[in-house]
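Here is a short briefing for a reader new to this structure. Take a look at the chain first, then read on.

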Amino acid sequence: VDAKEVAESIEFYLRSGKRAIGAARRVLKNSDVTEDQSMVVKDLCSGHGLTGMLFAACNPPGRLKASMRVLLVDQSEPQSHSILRDLISEVCPWVNQDTVQFFEADLDDYVTKSLSDVATDEASIIISTHACGSLTDDVIRYAVESRAASVSVMPCCYTGTAKGTPYGVQ
C-alpha cells in the first residue's frame, strides 16, 4: 500500500468518522432495540480495506455503547488486505477476522443480496474511498435504498467515465 493511499484513508476517517458514527448513534438511540445494538461499517469498493479498518481500529470495544463490525466489499481480496489487518491487529487486537470481514463480490451482486438482509437492530454506515466513475453513484443509491444512517464517499476517476457526466464534474 503506497503512502498516498494511507494518507487518503486517514484523512477520510478524520473528516467523516465522527459524523458518521454520530449519525449511527442517533439512529440507534431512536430505535426500539435497546440491547445488543450494533453499528456496521460497509466499505464498498474497498480495495485493501484500510479505510474500513481504521473505523474499527479507532473505536475499540467499550468506546461506543454499540458494538462495531466492518464489512469490506470488493471484487477480489488483495493480498495486502490480510497483511494490513494483521499489522493493525498487533496494535489494536480487536481488529480481527471476527470484527472485520472481507466479501469478494461485484457491487451489484452484494447490493442485491444485502438489501434483502437489512438488519433492524443495527445502524449502517456506508463508506467508499475509491468507487471509480459511476460506482460512486451506485454506492450512494445503495445507501439510500438500504436506509443507511450515513454515507461518506470520496469519488475518483469520474471525469469522462459515464455518459452525461455533468459539465461541472468534468
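The points below go from the overall layout to single residues.

This is a predicted model. The chain holds 5 helices and 5 strands. The chain has 170 residues, and 44% of them count as buried.

**Salt bridges**

- How many salt bridges does the structure hold? There are 4.
- Side chains of opposite charge can pair when their charged atoms come close.
- K4 and E8 form one of these salt bridges, with their closest N and O atoms 2.9 Å apart.
- Both K4 and E8 sit in helix α1, and because they are 4 residues apart there, about one helical turn separates them.
- E11 and R15 make another salt bridge through their side chains, at 2.4 Å from N to O.
- This pair, E11 and R15, also belongs to helix α1, with a spacing of 4 residues, or about one turn of the helix.
- E11 has a relative accessible area of 35%, so it is partly exposed.
- R15 reaches 59% relative accessibility, so it counts as exposed; the cut-off for exposed is over 50%.
- D138 and R141 form a salt bridge as well, and their closest N and O atoms are 2.7 Å apart.
- Helix α5 covers residues 135-145, and D138 and R141 lie 3 residues apart in it, so about one helical turn separates them.
- R141 is partly exposed because its relative accessible area is 43%.
- D138 is also partly exposed, at 22% relative accessibility; buried would mean under 20%.

**Surface patches**

- Which residues gather in a patch of positive charge on the surface? They are K18, R19, R25, K29, R63 and K65.
- R25, one of the residues of this patch, lies in helix α1, which runs over residues 3-29.
- R25 has 42% relative accessibility, so it counts as partly exposed.
- The surface also carries a nonpolar patch, formed by V1, V6, I10 and L14.
- Together, V1, V6, I10 and L14 have about 340 Å² of accessible area.
- V6, one of the residues of the nonpolar patch, is placed in helix α1.
- V6 is partly exposed because its relative accessible area is 31%.

**A side chain that meets the backbone**

- Where is Q37 placed? Q37 is in the loop between α1 and β1, and strand β1 spans 38-44.
- A polar atom of the Q37 side chain lies 2.9 Å from the backbone oxygen of L28.
- Is Q37 buried or exposed? Q37 has a relative accessible area of 17%, so it is buried.

**Positive phi values**

- C45 has a phi near 55°, which is a positive value in a residue other than glycine.
- The place of C45 is the loop between β1 and α2, with α2 covering 50-57.
- C45 is buried because its relative accessible area is 11%.
- R147 is not a glycine either, yet its phi is positive, at about 60°.
- R147 lies in the loop between α5 and β5, and β5 covers 150-153.
- Is R147 buried or exposed? R147 is exposed, since its relative accessible area is 76%.

**Apart in sequence, and the distance in space**

- Y110 belongs to helix α4, made of residues 107-115.
- Y110 is buried because its relative accessible area is 9%.
- Y110 and Q75 are 35 residues apart in sequence.
- In space, Y110 and Q75 are 9.8 Å apart, from C-alpha to C-alpha.

**Helix α1 at a glance**

Notes. Residues are numbered from 1 along each chain as its sequence is written. This is a predicted model: local features need pLDDT of at least 70, side-chain atom pairs count only at pLDDT 80 or more; totals for chains, interfaces and linings use all residues. Side-chain values use heavy atoms; hydrogens and water are left out. Patches are made of residues with over 30% relative accessible area and no salt bridge: like charges are joined within 9 Å, nonpolar side chains (Val, Leu, Ile, Met, Phe, Trp, Tyr) within 5 Å. Accessible areas come from the Shrake-Rupley method with a 1.4 Å probe; for residues, only the protein chains shown count as cover. Lys and Arg count as positive and Asp and Glu as negative; His and the chain ends are not counted. The place of a charge is taken as NZ of Lys, CZ of Arg, CG of Asp or CD of Glu. Helices (H or I, at least four residues) and strands (E, at least two) are DSSP runs, numbered from the N terminus. Buried means under 20% relative accessible area, exposed over 50%, partly exposed in between (1.4 Å probe, protein chains only). A polar contact is a pair of N or O atoms within 3.5 Å; within protein, one must be able to donate a hydrogen and the other to accept it, and residues adjacent in sequence count only if both atoms are side-chain atoms.
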